[in-house]
Amino acid sequence: MSASHFWLADRRVRGHLFEQADEALLEPLAQCLVGASQPEELGATALKAGRVWRLGDKVIKRYASTRWRDRARASTAVRVARLYRRILPIQSPRPRAVLELPRALGAPNSMLVMDRVEGEVIKFHWSAEPAAQAAFGPFMAELHRRKLFHGDFHMGNLMWDGAGYVLLDIESLRPAWSVLQPQRLYRRQWVRVVSDLGHDAPVEAAYHAWLSATKLAWPAGAWGEIAREGERAGAERRRRHAARTAAILPASEES
Ligand SMILES: Nc1ncnc2c1ncn2[C@@H]1O[C@H](COP(=O)(O)OP(=O)(O)O)[C@@H](O)[C@H]1O
Ligand SMILES: [Mg+2]
């Protein structure tokens with residue numbers, strides 16, 4: 001974490017700078033954080049409405065919290081910037097700057113300026129990326145070895161940059177001590193992998209590579225159960241998604 005900070009938006013926003021951040025960007029972004037403008041007005045395109053934007057070679061993410069217990073903690077953007085270093089060599093988007101509203105002014109809202117990952121969310125590119133398929137088991141084993149538990153683990157939070165995996169949403173990492181039943185969590189993660197990707201041969205190979213690296217003594221039949229459960233969960237999620245989509249389409253567009 002950078003030691004020095006500075007003030008923006010008439011001392012309403014505190015900024016922390018990491019190496020080579022584009023300083024000209026910070027005051028306009030601080031104006032967005034205090035609600036005086038929207039990132040779209042700076043030419044940013046939303047990757048997720050109201051929350052994540054692309055701006056040139058940077059991605060901006062805004063974190064808002066209304067929870068009281070968060071008032072006692074560092075802002076989410078600051079925690080993510082610290083976590084970035086802590087989980088290396090596991091890759092996540094490189095932080096460039098953090099902007100935060102001091103807690104005294106209300107909800108601990110913050111904003112992270114990070115490098116845009118030159119790559120694809122693996123969920124949508126799995127079948128086109130044999131190198132990513134081969135690297136998945138070892139990547140999962142590395143997370144396991146480092147006791148990194150992602151509280152929002154799914155294949156939409158994992159990007160592939162052509163050389164390795166990049167983990168998104170690391171604000172959802174949970175401290176190892178808070179995970180009471182890690183084996184259940186590992187199982188649930190693999191169910192989620194199957195529900196996102198299907199249970200094709202590369203997924204199964206990754207599972208076995210992970211299992212042998214972790215030395216967990218899971219029964220041989222575990223994969224079959226995980227695959228079935230994952231397929232069921234995936235079908236259910238797709239069904240719910242289709243129902244939601246149909247519900248928001250005007251009646252005239254249905255038929
Ligand atoms: N650093 C980044 N580089 C490229 N794309 C990103 C980056 N961060 C987020 N994205 C894209 O924006 C989407 C939403 O970002 P994410 O951080 O996962 O937000 P959320 O917490 O809402 O899930 C991701 O699925 C990904 O497509
Ligand atoms: Mg996400």
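A: In this predicted model, Glu236 forms a salt bridge with Arg240, with their closest N and O atoms 3.4 Å apart. The term salt bridge denotes a side-chain nitrogen of Lys or Arg within 4 Å of a carboxyl oxygen of Asp or Glu. Both partners belong to helix α6 (residues 222–248), and because they are 4 residues apart, about one helical turn separates them. Helices (H or I, at least four residues) and strands (E, at least two) are DSSP runs, numbered from the N terminus. Glu236 is partly exposed, at 32% relative accessible area, and Arg240 is partly exposed as well, at 41%. Buried means under 20% relative accessible area, exposed over 50%, and partly exposed in between (1.4 Å probe, protein chains only).

Residues are numbered from 1 along each chain as its sequence is written, while chains are lettered from A and ligands numbered from 1 in the order in which they are written. Local features need pLDDT of at least 70, side-chain atom pairs count only at pLDDT 80 or more, and totals for chains, interfaces and linings use all residues, with side-chain values based on heavy atoms and with hydrogens and water left out.

Across the whole structure, a search finds 16 salt bridges. One of them joins the side chains of Arg96 and Asp115, at 2.8 Å from N to O. Arg96 lies in strand β6 (residues 95–100) and Asp115 in strand β7 (residues 110–115), so this pair ties together parts that are 19 residues apart in sequence. Arg96 is buried, with a relative accessible area of 9%, and Asp115 is buried at 19%.

A further salt bridge is formed by Asp196 and Lys123, whose closest N and O atoms are 3.8 Å apart. This pair links distant parts of the chain, 73 residues apart: Asp196 is in helix α4 (residues 182–197), whereas Lys123 is in the loop between β8 (120–121) and α3 (130–145). Asp196 counts as buried, at 11% relative accessibility, but Lys123 is partly exposed, at 29%.

To return to the opening pair, Glu236 has a relative accessible area of 32%, which makes it partly exposed. Elsewhere, salt bridges that share partners join Asp57, Lys58, Arg96 and Asp115 into one network.
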